[in-house]
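Please consult the sequence and structure alongside the text.

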Amino acid sequence: MISDLGPASRVLNFGNGVRVGNEIWFATRQILPTRVAAYDLTERRITKTALIPGVPGLWGIDAVGTELFVSSYSPGLLFKVNTVTLAVTQVLDLRQEVGWSVKASPDGKIFVGTYPSARLWEYDPATGQATDHGRMDPDDTYVRDLVATETTVYCGIGSRAGLVAYDRDTGTRTDILPAALRGRTFGAVCHLAGDHLVVGISPTAEILVVDTRDHNSHQILSTPDDSFVVGITSRGDEIFYTTRPSGSLYRFTLGDTTPTLVGVPVAEASNVRIGFLDDGRLWAVQGAGGIVYDLTTRTTEALDMSSPELAPTPERPMSLCHAGDRIVVGGTLGVQVVSTEPTPAFDTYRVPFGGEAKDMDTWRGVTHMGVYTLARYLTLPVGDRVATEVARVDPGQEQTRPTSLVVDRRRGVVLMATEPDYGRWEGALTIFDGRRSHTWRGILPDQTVQSLCPDPHGVFLGGSVINGYGTTPTTTRAKLGYFDYRTQRLSWLVEPTAGGVIVDLKLVGRVLVGVTREGELFGLDPRTRTVMWRLDVGPVGGKLAAIDERIFGTDGARLWAVHAGRRKPSLTVLADGLNQSWFGAPEVVTDGVGTLFTTRGTNLIRVDLG
């Protein structure tokens with residue numbers, strides 16, 4: 001029997017914004033339907049919204065006069081929005097997965113930077129003509145941000161940091177990033193302050209200031225104890241910028257050698273776009289809405305984003321965890337907690353925090369979460385409304401995205417697998433024992449650790465050929481290894497599949513069951529390290545659940561089950577037509593007795609096996 005438990009997760013999430021006259025326009029992402037919305041600074045409320053069709057979210061935004069231009073992802077398109085009539089028109093297909101950044105030039109042209117080909121597009125609103133200026137870096141994937149002058153477009157490049165000056169007249173590309181910053185991942189945020197280009201560098205939260213009249217004249221300012229510059233604006237020679245994960249606001253005057261901390265408008269917030277109001281206060285777009293910050297009183301005012309069209313809406317879930325009488329759903333900027341009962345035992349509620357819970361496990365009344373970014377480990381006691389950061393992987397290990405988290409119940413330790421930062425190599429295994437942590441980076445040669453499964457003496461590690469985003473794999477087959485607690489080393493390594501990513505692993509008796517991203521389920525004898533059988537379970541492999549000797553999984557459309565023994569099993573379809581919408585691999589979790597939980601569309605469903 002299948003029971004629909006309602007939306008798995010609801011959120012209001014904004015990815016960017018721009019001020020147009022007396023309005024601040026916000027662009028949504030990761031929620032459906034996708035919209036832009038205008039906050040009227042006089043009426044102090046949302047007064048307009050417009051639907052952006054056919055895309056799950058927006059990244060870039062800028063304006064020319066009263067026309068708004070926004071770029072989308074999956075697919076990468078450019079839309080024009082008339083902020084007076086609210087007419088929406090698709091004006092350009094970028095032929096890319098993501099339109100990352102949109103900026104207008106002083107002469108009214110629109111420039112768009114893309115992923116994964118790091119291309120630069122130009123659109124002329126006056127004529128409707130579009131020009132593909134090609135790749136700004138032949139070996140990299142992102143034009144993460146850009147700004148344009150009358151003569152030059154400056155493109156921040158990643159995932160290996162670059163800064164390209166593109167001559168609009170000749171088409172010449174010149175990388176002007178100083179040698180001292182070559183080891184970074186992104187020229188992530190670009191801003192023009194008069195004759196100076198100001199660029200935020202990741203993942204070190206450094207500020208690069210370049211004289212646009214002489215690209216060899218530059219200055220680098222360091223920001224202590226932070227990782228990302230997320231927003232930059234200026235007022236004359238004064239530069240203001242915000243950082244993550246602290247949510248801090250800094251200022252400096254051109255020529256200064258160090259920045260000054262102004263305040264922390266919202267702790268751990270990501271102020272993705274900032275600017276000045278006419279009265280000298282700063283406005284900022286954040287994930288959940290917007291704020292205004294008074295520099296004199298250092299007080300923060302949250303903008304009222306409530307509107308019939310902007311109520312929290314269903315998002316694509318990222319992870320699931322069974323926690324007694326509740327399911328914890330990982331999403332954007334926190335987790336949603338939903339009752340397991342068809343007649344809810346409590347109202348659904350959200351526990352907000354900065355970041356995304358990519359994988360979770362519950363043990364002894366506490367949900368343990370691996371959180372992106374910065375490879376953080378958070379805990380949430382069952383019934384609590386506040387999550388606590390326990391630890392994070394040492395920044396020196398350059399890890400950012402948890403791929404798997406599991407509690408080894410025999411030892412009471414938390415195991416977390418992580419993917420390295422953009423443009424970096426070698427994922428890691430980290431073990432948290434409550435007092436300290438230890439990280440083994442590169443434990444799977446040339447691969448990321450994608451999945452974990454503990455056993456009495458160690459932990460099985462499933463690999464992924466993908467390292468940090470933006471890198472080119474050097475291997476073609478996912479590795480499977482065994483990390484021995486006693487020796488604290490990898491004791492063996494095999495390649496059990498032709499697949500490139502082992503999404504999940506489960507130990508059923510003496511059979512280790514794994515599934516690949518390509519949808520191949522396999523059974524391996526851990527003693528002999530031989531594959532006993534392989535089975536096609538669908539077009540996509542997702543996270544697995546186990547009840548006794550049964551393994552359950554989903555391929556996005558079907559919920560299936562197999563009996564995992566030493567002989568090749570047959571697949572039984574329990575439900576079809578699920579039309580799941582996941583941000584990442586599809587997943588199924590269980591109470592361990594007779595009930596499964598997964599999704600249909602973006603709704604959470606309960607499946608009683610009977």
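Aspartate 548 counts as exposed, at 68% relative accessibility; exposed means over 50% relative accessible area, buried under 20% and partly exposed in between (1.4 Å probe, protein chains only). This is a predicted model, in which local features need pLDDT of at least 70 and side-chain atom pairs count only at pLDDT 80 or more, while totals for chains, interfaces and linings use all residues. Residues are numbered from 1 along each chain as its sequence is written, and side-chain values use heavy atoms, with hydrogens and water left out.

Aspartate 548 is not a glycine, yet its phi is positive, at about 55°. The residue sits in the loop between strand 48 (545–547) and strand 49 (550–554); strands are DSSP runs (E, at least two residues), numbered from the N terminus. Alanine 205 also has a positive phi, near 55°, and is located in the loop between strand 18 (196–202) and strand 19 (206–211). Alanine 205 is buried, with a relative accessible area of 0%. Most residues other than glycine have a negative phi, and most peptide bonds are trans.

An open sheet is formed by four strands in the order 36-37-38-39, with antiparallel pairing; strands pair if DSSP finds at least two bridges between them. Strand 36 (399–408) and strand 39 (437–441) are at the edges and have a single partner strand each, so one side of each lacks a neighbour in the sheet. From one strand to the next, the twist averages 20°. Five bridges link strand 37 (residues 413–420) to strand 38 (residues 428–432), and alanine 417 has leucine 429 as its bridge partner in strand 38.

Aspartate 62 belongs to strand 7 (residues 58–64) and is buried, with a relative accessible area of 13%. Its side chain reaches the backbone nitrogen of alanine 104 at 2.9 Å.

The count of disulfides (cysteine sulfur atoms within 2.5 Å) is zero. For cysteine 190, the nearest cysteine sulfur is that of cysteine 155, 7.6 Å away; cysteine 190 is buried at 4% relative accessible area. For cysteine 453, the nearest cysteine sulfur belongs to cysteine 321, 16 Å away, and cysteine 453 is buried at 7%.

Note on methods
Axes are lines fitted to C-alpha atoms, for helices over the stretch in contact, and angles run from 0 to 180 degrees between N-to-C directions. A polar contact is a pair of N or O atoms within 3.5 Å; within protein, one must be able to donate a hydrogen and the other to accept it, and residues adjacent in sequence count only if both atoms are side-chain atoms.
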